[in-house]
Amino acid sequence: LKSNPSNNEEKEAQTQLTKSDELQRLHSQALSAYQQEDYETAISLLDEILAVCVWDAELRELRAECYIKEGEPSKAISDLKAAAKLKNDNTEAFYKISRIYYQLGDHELSLSEVRECLKLDQDHKQCFSLYKQVKKLNKQIESAEEFIREGRYEDAISKYESVMKTEPEVPVYSTRAKERICHCLSKNQQPTEAIKLCTEVLQLEPTNVNALKDRAEAYLLEDMYEE
């Protein structure tokens, strides 16, 4: 404005300055809401700022944290992926994305994201520790599925029991393991055990189609046609 004063530009400069002040005010409010654990308000304030400051990685990371607290992991992933692209060597974003996928039970995507973190820093302690855990779990699940394809149901059952021992803290893996063990028991002509295990899965997930089909197969073996 100083280098080239004119009415139009002065107006434009004043407008931008006012807008800039407003965004700084919103930023302070968003941080304050986040610190007070009012994540919903923080998100709506950050939405306003990010509509203008599209390329701000740190604001996206902050909004991702709010989404995580609000139980909206897929929205958090979207912001963290943007932050990983916007900021060089953003190992933290890759680590967080990997953790979210892991908690959601998507071990394959979790593995691929944690590898991105280690590409940037092979000595990253958190990423390396997560990598070892996910890799072990991934290998066990792949191996169990291979046994199922080969019709080696006893081996698959034993492998899925190992999965439950490897990850006892994240419920989705135990539920999936039980669902697959029920499938194996049903295929292996062990209807009583299959019915019991599938029922356990269906108490947690009443609309689990695989468990319903496998329990139906087990009921057929027991001549329980109504069921």
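Predicted model: local features only at pLDDT ≥ 70, side-chain atom pairs only at ≥ 80, totals over all residues.
In helix α2, the buried residues are Tyr39, Ala42, Ile43, Leu45, Leu46, Ile49 and Leu50.

Helix α2 itself runs over residues 39-52, which makes 14 residues. From first C-alpha to last, α2 reaches 20 Å, close to the 20 Å expected at 1.5 Å a residue. The cover over its buried residues includes α1 (7-35) and α3 (57-69).

Let me turn to one residue of that second neighbour. Arg63 is placed in helix α3. Is Arg63 buried or exposed? Its relative accessibility is 12%, and because buried means under 20%, Arg63 counts as buried. Which side chain does the side chain of Arg63 meet in a polar contact? The partner is Asp47, at 2.8 Å. Leaving aside residues up to four places away in sequence, Arg63 touches Leu46, Asp47, Leu50 and Asp79.

I now come to the cysteines. The structure holds two disulfides. One of them joins Cys117 to Cys127, with an S to S distance of 2.1 Å. This pair links distant parts of the chain, ten residues apart: Cys117 belongs to helix α6 (residues 107-120) and Cys127 to helix α7 (residues 125-149). The torsion about their S-S bond is about 95°, so this disulfide is right-handed. Both Cys117 and Cys127 are buried.

The disulfide between Cys182 and Cys198 has its sulfur atoms 1.8 Å apart. Here the S-S torsion is about -90°, and the disulfide is therefore left-handed. Cys182 lies in helix α9 (residues 171-187) and Cys198 in helix α10 (residues 191-204), so the pair ties together parts that are 16 residues apart in sequence. Cys182 counts as buried at 0% relative accessibility, and Cys198 is likewise buried, with a relative accessible area of 0%.

With the bonded cysteines numbered in sequence order, the pairing reads 1-2, 3-4. Cys53 is in no disulfide; the nearest cysteine sulfur to it is that of Cys66, 16 Å away. Cys66 is in no disulfide either, and its nearest cysteine sulfur is that of Cys53, at 16 Å. How exposed are they? Cys53 is partly exposed, with a relative accessible area of 27%, whereas Cys66 counts as buried at 0% relative accessibility.

Terms used. Residues numbered from 1 in each chain as written. Heavy atoms only, no water. Helix = DSSP H or I, 4+ residues; strand = E, 2+ residues; numbered from the N terminus. Expected span 1.5 Å × (residues − 1). Buried < 20%, exposed > 50% of the residue type's maximum accessible area, 1.4 Å probe, protein only. Contact = heavy atoms within 4.5 Å. Polar contact = N/O pair within 3.5 Å; in protein donor to acceptor, adjacent residues only side chain to side chain. Disulfide = S-S within 2.5 Å.
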